[in-house]
Number of protein chains: 2
Amino acid sequence: MEKFTRNQRISAITKILIENPNKIINLNRFTEMFNAAKSTVSEDLIAIKEILLKLSLGKIETIPGAAGGVRYIGGVSEEESLRFAEELCMILKDRERIIPGNFLYVTDLMFNPDVISKAGKILASSFNNKGVNYVVTVETKGIPLAYEVAKMLGVQLVVVRRENKVTEGPTVSINYVSGSTNRIQNMTLSKRTINKGSNCIFIDDFMKAGGTALGIMNLLKEFESNLVGIGVLIDNIEMDRKLVDNYVSIIEFEGLDGEDNAILNVSKKIKM
Amino acid sequence: MEKFTRNQRISAITKILIENPNKIINLNRFTEMFNAAKSTVSEDLIAIKEILLKLSLGKIETIPGAAGGVRYIGGVSEEESLRFAEELCMILKDRERIIPGNFLYVTDLMFNPDVISKAGKILASSFNNKGVNYVVTVETKGIPLAYEVAKMLGVQLVVVRRENKVTEGPTVSINYVSGSTNRIQNMTLSKRTINKGSNCIFIDDFMKAGGTALGIMNLLKEFESNLVGIGVLIDNIEMDRKLVDNYVSIIEFEGLDGEDNAILNVSKKIKM
């Protein structure tokens, strides 16, 4: 059977770990793949562990026991998070982004894989040790971000819909009041999506008053499950009274200044 | 300045390449990061290139010239694609998935990062050399899949909405006829999303008659852009006359048999 060099094994193992964040991979998978002894693979893993730590590219955890193995936990250095948030502020300050009604056009960023994969890693790093079972979002703009967070945490994504669909089977619906517009809105979710007693986090693109987050909290009660965290890309801090506290965000939007420039800053709540 | 071993460099370079599919990375980034000579980094890259090829884990391309560098192109072996499609068929054959009206419940899979990251890689591999500028989808269920394809191709995702939103600025709307239900539906897209003369592919969860794909083709005409490919996870082949041809799919759904079991097979159109 074919033999592999240490360099080759290290490259392939790195790839497999990075592509399966937060999933425990048994060492047998690697020993079989490379026809190598467990001790050899263990040494490979030590080298990978060291370099990821050294460059703040995440970490490798070892889980002992028969069901054990190793898993990659995504990470972003504080320096990189700040640089990313600063760059995002610069991009968003473009006056072309201001839409009648003083909205900020962010759709392109929410659907830009470069931006969203970094933002997802930053948000996920706040929830690594919370025993999260599901990442929940409401359609539509926050879906890629919530998907990236779910992928980094190695869990299922759940997307709450605005209306009932025939392809969902039995659903649970609730009404909630949007905190910023005071309008009654609807949320609906298929009964089969969430198991009783689960820990969920809510991820979205934008937070205004927090009405949607509060709605999600109430919807999760119908599933006998808990909301254990909230993360958003942009926190609108024009509203000084929020309906929820305890959330993380990457940047803060404070409306427009006297000259119609958007006021944007790196969030004070970038980490939990 | 700190020095790194070859093993360490290889692990870090692998990670950076994998996380930036289809993006050209200049060798200077690596020489600076590791305080190493260009020749050293080139040798590292040769080792990575070899092992990815050997294990069918994708490939590394070298782009010559001043703006050149290297880029990772995702790949899945034919064997792995088939195994994935077969596993998916098994999962979907579960009778609990049949919903009144003979729909198949697929929402959990469309929002499962393990499933979607593999499916995205398989679909993206059909469009690597098509000069794709945008990946387009219609909200909601296909968004994570389209996002993964966009990420693998290193391009922007565009999500067509069902209705107008105030946060989108000026939009273009069209009506189209759903091929399977014969109902008139609406699609709307912000004018700023797509540049004139772009090449787009359409990615979705399910194809029935292909009415949505035809609608997208017409919508793109309003942006003076072209639809150069279509990819779906599940092709409903109960409809023998499709409104579009030339698409790829991963599995085929042929309705229910006499005993109400879903008929599912690996698609004959899994590659272009």
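This is a predicted model: local features need pLDDT of at least 70, side-chain atom pairs count only at pLDDT 80 or more; totals for chains, interfaces and linings use all residues.
Hi everyone, let's start with a pair of strands in chain B. Strand E5, residues 134-138, is joined to strand E9, residues 199-207, by 3 bridges, and the two strands run parallel.

If you are new to sheets, here is the general idea: strands pair through backbone hydrogen bonds, either parallel or antiparallel.

Now let's step back to the whole sheet. In what order do the strands of this chain B sheet come? The order is E6-E5-E9-E10-E11-E12, which makes an open sheet of 6 strands with mixed pairing. And which strands sit at the edges? Those are E6, covering 156-160, and E12, covering 262-266, both in chain B, and each of them pairs on one side only. On average, neighbouring strands in this sheet are turned by 25° against each other, ignoring direction.

A helix joins the picture here. Helix H6 of chain B, residues 113-124, packs on the sheet and touches E9, strand E10 (226-236) and strand E11 (248-256). The direction of H6 makes about 115° with that of E11 in chain B.

Let's move over to chain A and talk about domains. The domain assignment gives domain 1 as 6-73 and domain 2 as 78-266 in chain A. Taken over C-alpha atoms, the centres of these two domains are separated by 32 Å. How many residues does each domain bring to the contact? Domain 1 of chain A gives 4, and domain 2 of chain A gives 5. On the domain 1 side, we find 2 nonpolar residues, 1 polar and 1 charged.

How values were computed
Residues are numbered from 1 along each chain as its sequence is written. Chains are lettered from A and ligands numbered from 1 in the order in which they are written. Two strands pair if DSSP finds at least two bridges between them. Helices (H or I, at least four residues) and strands (E, at least two) are DSSP runs, numbered from the N terminus. Axes are lines fitted to C-alpha atoms, for helices over the stretch in contact, and angles run from 0 to 180 degrees between N-to-C directions. Two residues are in contact if their C-beta atoms, placed from the backbone, lie within 7 Å. Domain bounds come from an automatic or database domain assignment. Ala, Val, Leu, Ile, Met, Phe, Trp, Tyr, Cys and Pro count as nonpolar, Asp, Glu, Lys and Arg as charged, and the others, Gly among them, as polar.
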